[in-house]
Amino acid sequence: TYCSPENSALQINRKQVMLAKLRKSCSCTPEKLKNFLMDFLPVLRWLPKYKCKEYIWGDVMSGLVIGIILVPQAIAYSLLAGLKPIYSLYTSFFANIIYFLMGTSRHVSVGIFSLISLMVGQVVDRELLLAGFDLNDDASPALGDSSLQNDTQSNTTAFNLTIAGMNAECGKECYAIGIATALTFVAGVYQVLMGIFRLGFVSMYLSEAVLDGFATGASLTILTAQVKYLIGIKIPRSQGHGMLVITWINVFRNISEANICDVITSAICIVVLVTAKELGDQYKHKLKFPLPTELVVIVVATLVSHYGKLNEVYASSVSGAIPTGFIPPKVPPFNLMLRVAIDALPLAIVSFVFTVSLSEMCAKKYAYSIRANQEMFAVGFCNIIPSFFHSFATSAALAKTLVKTSTGCQTQVSGVISAMVVLLVLLFLAPLFYSLQKCVLACIIIVSLRGALRKFRDVPARYQVNKMDTFVWIVTTSASALISTEIGLLVGIVFSLLCIIVRTQRPRTALLGQIQDTNFYEDDLEYENLSSVPKVKIFRFEAPLYYANKNYFLKSLYRLTNLDPNLEVARRKKYKKEKRHLKKGDHTTANGLGIGETALQLVPKQTDFQALVVDCSSILFLDTSGVNTLKEILKDYKDLNISVLLACCNPSVIDSLKRGGYFGKDFGSMQEMLFYSIHNAVQFAKDQKLPADCSV
């Protein structure tokens with residue numbers, strides 16, 4: 001084929017423009033490098049502008065308060081993760097430092113979080129069980145020190161450790177933190193990849209009802225896991241689906257073995273903690289900062305346990321030795337990453353969603369903006385980097401974020417102050433918690449779940465506001481508690497999407513009447529004193545029209561207008577055929593009835609309208625099936641001399657109709673078929689001279 005010089009020149013110009021754009025985007029200039037660094041490390045932008053005199057007092061105060069709250073919570077949440085308390089302290093320290101460098105929210109508190117700790121703990125327990133370790137907290141810590149009871153267990157354990165790339169000298173604690181760091185690393189990689197490919201939209205599928213239900217169901221699981229520490233009984237840590245039910249069965253079976261010392265301690269701690277929390281909530285407007293109740297309870301309980309020798313005398317379970325300083329960094333075991341790759345995905349999504357939602361809440365409240373994609377990177381590196389330092393997964397936590405904002409926090413400098421408090425404990429104070437009873441830690445965890453468990457009180461009010469969201473909440477809560485947290489989250493997302501599909505498959509439909517002396521039209525079943533328009537039916541369909549609801553659209557239209565055009569056309573054809581038989585002198589039909597009786601059965605309906613107006617204001621989009629459905633009713637009603645007029649179509653719907661050939665090839669009849677308001681369509685229907693109905 002011949003190519004003109006002009007076309008060749010145009011192609012060359014386009015190629016040059018594309019190459020220039022590519023060269024520009026791939027070039028590395030000092031300015032681009034500077035902008036990249038400042039975007040990747042937002043601290044470089046805001047720290048030089050830090051208003052020391054204005055911000056420092058609030059940041060120091062909130063940092064100290066959060067640090068004081070963080071230490072007991074970190075030690076307590078180690079029970080949920082199935083790890084030693086030292087690893088929780090590492091997690092809290094590194095998360096605060098990294099988010100200070102990379103986060104875009106000024107107020108959010110990133111660190112150890114109960115739901116994330118629970119998800120980590122479930123994976124750790126499962127892998128420990130598969131490796132042949134005893135999940136009992138009081139079991140021997142090292143695999144090599146314990147005599148294997150039979151050859152089967154020995155072979156299973158050795159096999160699992162071999163495929164994981166771990167040697168036989170690595171005991172239970174070593175293997176557990178290896179699983180946790182591998183899981184954390186993979187979750188962080190997922191989050192960074194989601195940030196690179198801009199997959200933050202995934203969080204949109206986690207509705208508020210799903211997140212609330214997931215948090216409530218997980219809270220029930222957390223509470224259940226802590227009951228054995230509350231009453232001091234030794235039962236196996238349940239794994240797999242139905243853990244909540246199995247754990248409660250085991251609790252009631254072993255209730256007679258409850259440790260009276262732990263029961264009394266738990267009762268006292270819960271009363272003190274709940275009372276302090278309620279008083280704090282009641283008088284929070286008078287308090288400059290929250291009461292450090294958890295720290296006071298831990299200090300007092302540790303002193304009582306130490307000097308009362310509760311472990312030696314009453315066999316009360318205690319935290320044990322917590323080493324000081326930092327363990328040398330270590331690369332997370334890559335062979336274990338394959339085992340936990342699937343588990344890391346829901347962990348990454350939940351961690352990101354909670355962090356971004358809290359960041360957006362704070363940004364909206366204090367009138368600044370965040371970058372959701374950068375938040376993805378920040379929380380991803382809060383998982384990747386600490387995983388080399390024996391830490392596990394982190395996320396933003398609602399309770400600590402609210403405390404942070406209420407104590408005068410201005411920037412993430414407060415996070416550095418909190419990290420310094422944790423560092424002080426890591427370097428000097430950790431051994432002092434040796435005699436701290438585990439039942440006290442369990443009490444702190446359970447009392448921290450008050451907010452999530454109070455959601456049950458809101459169910460009636462939630463039901464009044466939105467029934468569908470209530471069902472989503474109930475299903476997600478039930479699945480998260482009774483099956484597992486990961487399955488519960490998946491069930492909640494799927495059920496929520498199904499509810500949306502059901503809503504669009506069977507939406508509200510209505511015939512509209514005119515509000516007297518106005519140009520407005522509304523549902524004649526919802527409003528009184530509406531006047532019907534003579535010879536005109538106005539039909540509203542409150543959903544997109546697509547393949548899944550096209551049949552419902554037609555059924556609703558035929559039912560409300562009391563006219564199925566296909567049946568009516570068939571009836572009229574049959575009537576004309578029988579009349580021709582009558583003229584020929586044939587007085588019987590194939591079914592044996594007289595021609596007069598048959599003609600009486602087939603007399604066509606007298607249609608009470610000559611125009612159908614379809615209100616498209618609620619139809620957001622049309623697919624091919626939707627366009628064909630409208631073309632179908634246009635043709636079918638035309639056979640009955642009834643015109644079909646569309647009103648209030650948005651540009652997307654109009655474009656679909658044009659491309660689908662609804663208005664014909666040249667769009668010549670478009671002005672007589674499409675109207676910008678219902679009233680215009682009604683006036684057109686009244687004014688035009690419609691062909692008289694041929695029915696008799």
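**Entry: a loop residue.** I began with Gln437, which touches Cys261, Asp262, Thr265, Ala301, Ser305, Leu310, Ser316, Ser317 and Val318, leaving aside residues up to four places away in sequence; contact here means heavy atoms within 4.5 Å. Gln437 has its place in the loop between α17 (413–429) and α18 (438–448). I took helices (H or I, at least four residues) and strands (E, at least two) as DSSP runs, numbered from the N terminus. Is Gln437 buried or exposed? Gln437 is buried, at a relative accessible area of 1%; buried means under 20%, exposed over 50% and partly exposed in between, with a 1.4 Å probe and protein chains only.

**Entry: ground rules.** I noted that this is a predicted model, where local features need pLDDT of at least 70 and side-chain atom pairs count only at pLDDT 80 or more, while totals for chains, interfaces and linings use all residues. Residues are numbered from 1 along each chain as its sequence is written, and side-chain values use heavy atoms, with hydrogens and water left out.

**Entry: the whole protein.** I found 28 helices and nine strands. Of the 696 residues, 49% count as buried. Among contacts between residues at least 6 apart in sequence, 82% join residues at least 24 apart.

**Entry: salt bridges.** I looked up the salt bridges (a side-chain nitrogen of Lys or Arg within 4 Å of a carboxyl oxygen of Asp or Glu), and the structure holds 18. One of them joins the side chains of Asp212 and Arg462, at 3.3 Å from N to O. This pair links distant parts of the chain, with Asp212 in helix α9 (residues 208–231) and Arg462 in helix α20 (residues 459–465), 250 residues apart. Both Asp212 and Arg462 are buried.

Next I checked Glu294 and Lys277, a salt bridge whose closest N and O atoms are 2.8 Å apart. Glu294 lies in helix α12 (residues 293–308) and Lys277 in helix α11 (residues 260–282), so the pair ties together parts 17 residues apart in sequence. Glu294 is buried at 6% relative accessible area, whereas Lys277 counts as partly exposed at 25%.

I then turned to Glu522 and Arg540, whose salt bridge has its closest N and O atoms 3.3 Å apart. Here strand β4 (residues 521–523) holds Glu522 and strand β6 (residues 535–541) holds Arg540, so the pair ties together parts 18 residues apart in sequence.

Last, I noted a network of salt bridges linking Arg126, Glu127, Arg339 and Asp343.
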